[in-house]
Amino acid sequence: MPPVAARPAAALGLVLLLAAATACGSAPQPGPAGPAAAPGAPAPAVTDGASPFWVDPGSEAARQVTAWEATGRYDDAQVLRRIAERPVALWGRPGDPGPGIRRARAAAKAAGRTLLLAAHNLPGRDCGKQPAGGAADARAYGRWIGAFADAIGDARALVVLEPHAVAHAVDGCVRAEQRAERYRLLSEAVDRLKKNRNTKVYLDAGDPAWIRDPSDLAGPLREAGLDRADGFALNVSGFQPDAAVRAYGAELSRAVGGRHFVVDTGRNGAGPLPGERTPASCNPPGRALGTPPTDRTDDPLVDAYLWVKRPGESDGTCRGGPPAGTWWPEQALGLARRAHD
């Protein structure tokens, strides 16, 4: 499930690997012999030409690096830098998204980087599954997305719009009488965000294991404003491997007039856990970080590989995890240890 909030700060940084897993995964591997930085020092900002996105130096992962170094867990801290030093999406807070986004915007602009954001507050989001919630009604959502867009202003930003919203409408989770309103709200959100001259918007479209026939998404995505967006997003919070997602995305692109897409690769380095989709996607053990965030994809249809779901945040209380959206250090460490990059 997607995260629920974020904590921006200031700086920049980038680079990384492949992932997703919990503490119950494979045994830890030995790390470096000594500390890479003085105990208590914050994770350094990293400049990587492979990614244009801003790295939050005050993220949960960065603070965990500092905490572990302060207690002598130097090897683990070094491994966790694979998350701390890479750009991860900031999810707008459900109440007032403005202050958090404005702080991140200022830091990103100062660093000359693009702000990576996710908007996830549609009424009835996730059909009551964790983390359930969303705006109280259509009017409240209009105010929320307006505040979200206002906070971005003229900054360079990439927004993944409402993870799971369209796929839930297609799979029957959203009642028939609610679908028209959902598509209208998404379409209006696209228009509001695109009033910002430097904001790119990608409508979420699920993943290959969810809506098996991508052509089923074509009409709903268009009704939700895809033709005025910059493209669609795939695999948000998912574990499907890059090759499968690219193939699926190419088929969906053909069905919607050649639109481009972005892919969430934060936890797909080891692919999905075998089994039924829903239980297999909740804190699955043995996963790994995926392709590091970059806009250099070598695929003409893929605009970027992104880390939208923040690696190390729990999907929920399944498999011994904390509540959805809660930072889970040992899961994050497992994801980072299994990364191949």
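Buried residues (under 20% relative accessible area with a 1.4 Å probe, protein chains only) make up 57% of the 341 residues in this protein. Please keep in mind that the model is predicted: local features need pLDDT of at least 70, side-chain atom pairs count only at pLDDT 80 or more, and totals for chains, interfaces and linings use all residues. Residues are numbered from 1 along each chain as its sequence is written, and side-chain values use heavy atoms, with hydrogens and water left out.

**Fold**
- Of the contacts (heavy atoms within 4.5 Å) between residues at least 6 apart in sequence, 79% join residues at least 24 apart.

**Disulfides**
- Two disulfides (cysteine sulfur atoms within 2.5 Å) are counted, and their pattern is 1-2, 3-4, with bonded cysteines counted along the chain.
- Cys 127 and Cys 173 pair up with sulfur atoms 1.8 Å apart; Cys 127 sits in the loop between β2 (115-119) and α4 (138-152), and Cys 173 in the loop between α5 (165-170) and α6 (176-194), 46 residues apart.
- Cys 282 and Cys 318 also form a disulfide, their sulfur atoms 1.8 Å apart; the S-S torsion is about -80 degrees, so this disulfide is left-handed.
- Cys 282 lies in the loop between α9 (277-280) and β7, and Cys 318 in the loop between β7 and α10 (329-337), so the pair ties together parts 36 residues apart in sequence.

Note on methods
Buried < 20%, exposed > 50% of the residue type's maximum accessible area, 1.4 Å probe, protein only. Helix = DSSP H or I, 4+ residues; strand = E, 2+ residues; numbered from the N terminus.
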